[in-house]
Amino acid sequence: MEVLACPYDKSVTVVVVYKEDEEYEAARPYFEDNLAFAALGIEPQSMVLDGEALKEDWFSEDHLLVIMAHELGHLKNNSCDETEADITGFKILSESGLSESAVSLYTTELQARYGTTFETLTSQNYNIKLPLSKKEEKE
């Protein structure tokens, strides 16, 4: 098991569990269809990542950034809603300036998942509880 810093929010704990860790068995059911999950309703705010996925040849730093942004979306909204997490996560990632290639990866994922763009997705009346960007604050 290892603990990583969340690049978007230093108050969030990122825990990576591997098969050899005793905690992996407890987390395994959550990894059936996902590479990570947000632990809602506990302090400190936490997300848990499947360390086995991180070992895969296809897995990149961009994948890690997208997953952490998505899980942080769950935490920020205190919600299990996947669409809200994607909208908030995409906004967090794109406003962070950490990686344009990760933004591109997330854009591709949103298109595959919803068959639409981020702009169209956000126009569907989701109540996102994220602070407004500097641009939106001025308007």
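Student: Is the crossing of α4 and α5 left-handed or right-handed?

Tutor: In this predicted model, the crossing of α4 and α5 is left-handed. The two helices pack at an angle of about 160°, and their axes are 10 Å apart.

Student: Which residues of α4 and α5 meet?

Tutor: From α4 the contact takes Glu82, Thr83, Ala85, Asp86, Gly89, Phe90, Leu93 and Ser94, and from α5 it takes Ala102, Val103, Tyr106, Thr107, Leu110, Arg113 and Tyr114. By class, the residues of this contact of α4 with α5 are eight nonpolar, four polar and three charged.

Student: At what angle do α3 and α4 pack?

Tutor: The angle between α3 and α4 is about 120°, with the axes 7 Å apart. That value makes α3 oblique to α4. The crossing of α3 and α4 is right-handed. Contributors from α3 include Leu65, Val66, Ala69 and His70, while those from α4 include Glu82, Ala85, Ile92 and Leu93. The contact of α3 with α4 comprises seven nonpolar, six polar and four charged residues.

Student: Where do α3 and α5 meet, and at what angle do their axes cross?

Tutor: The axes of α3 and α5 cross at roughly 65° and come within 9 Å. Their crossing is right-handed. On the α3 side the residues are Asp62, His63, Leu65, Val66, Ala69 and His70; on the α5 side they are Ser101, Ala102, Leu105, Tyr106 and Arg113. Six of the residues in the contact of α3 with α5 are nonpolar, three are polar and two are charged.

Student: What is the volume of the largest pocket, and which residues are closest to its centre?

Tutor: The general idea is that rolling a probe the size of a water molecule over the atoms shows where empty space is left. Here the largest pocket has a volume of about 500 Å³. Its lining consists of 23 residues, and the closest to the centre are Asn34, Ala36, His70, Glu71 and Glu82.

Student: Which elements give two or more residues to the lining of the largest pocket?

Tutor: They are β3 (36–39), α3 (61–77), α4 (82–96) and α5 (100–114). The largest share, six residues, comes from α3. Sorted by class, the lining of this pocket has twelve nonpolar, five polar and six charged residues.

Student: Which residues does a cis peptide bond join, and which residue has a positive phi although it is not a glycine?

Tutor: Pro44 is placed in the loop between β3 and β4 (46–50). The residue with the positive phi is Asn78, at about 45°. Asn78 belongs to the loop between α3 and α4.

Student: Where does Met1 lie, and which residues does Met1 touch?

Tutor: Met1 lies in the segment before β1 (2–5). Leaving aside residues up to four places away in sequence, Met1 touches Val15, Val16, Val17, Tyr18, Asp21 and Glu23.

Note on methods. Residues numbered from 1 in each chain as written. Predicted model: local features only at pLDDT ≥ 70, side-chain atom pairs only at ≥ 80, totals over all residues. Heavy atoms only, no water. 1 Å grid on protein atoms, 1.4 Å probe; cavity = no way out; pocket = protein on both sides within 12 Å on 5 of 7 lines; lining within 4 Å. Points joined across faces, edges and corners; volume = space filled by probe spheres on them. Helix = DSSP H or I, 4+ residues; strand = E, 2+ residues; numbered from the N terminus. Nonpolar A, V, L, I, M, F, W, Y, C, P; charged D, E, K, R; others polar. Axes fitted to C-alpha atoms, helices over the stretch in contact; angles between N-to-C directions. Parallel < 35°, antiparallel > 145°, perpendicular 65-115°, else oblique. Left-handed = near helix turned anticlockwise from the far one by under 90°. Contact = heavy atoms within 4.5 Å.
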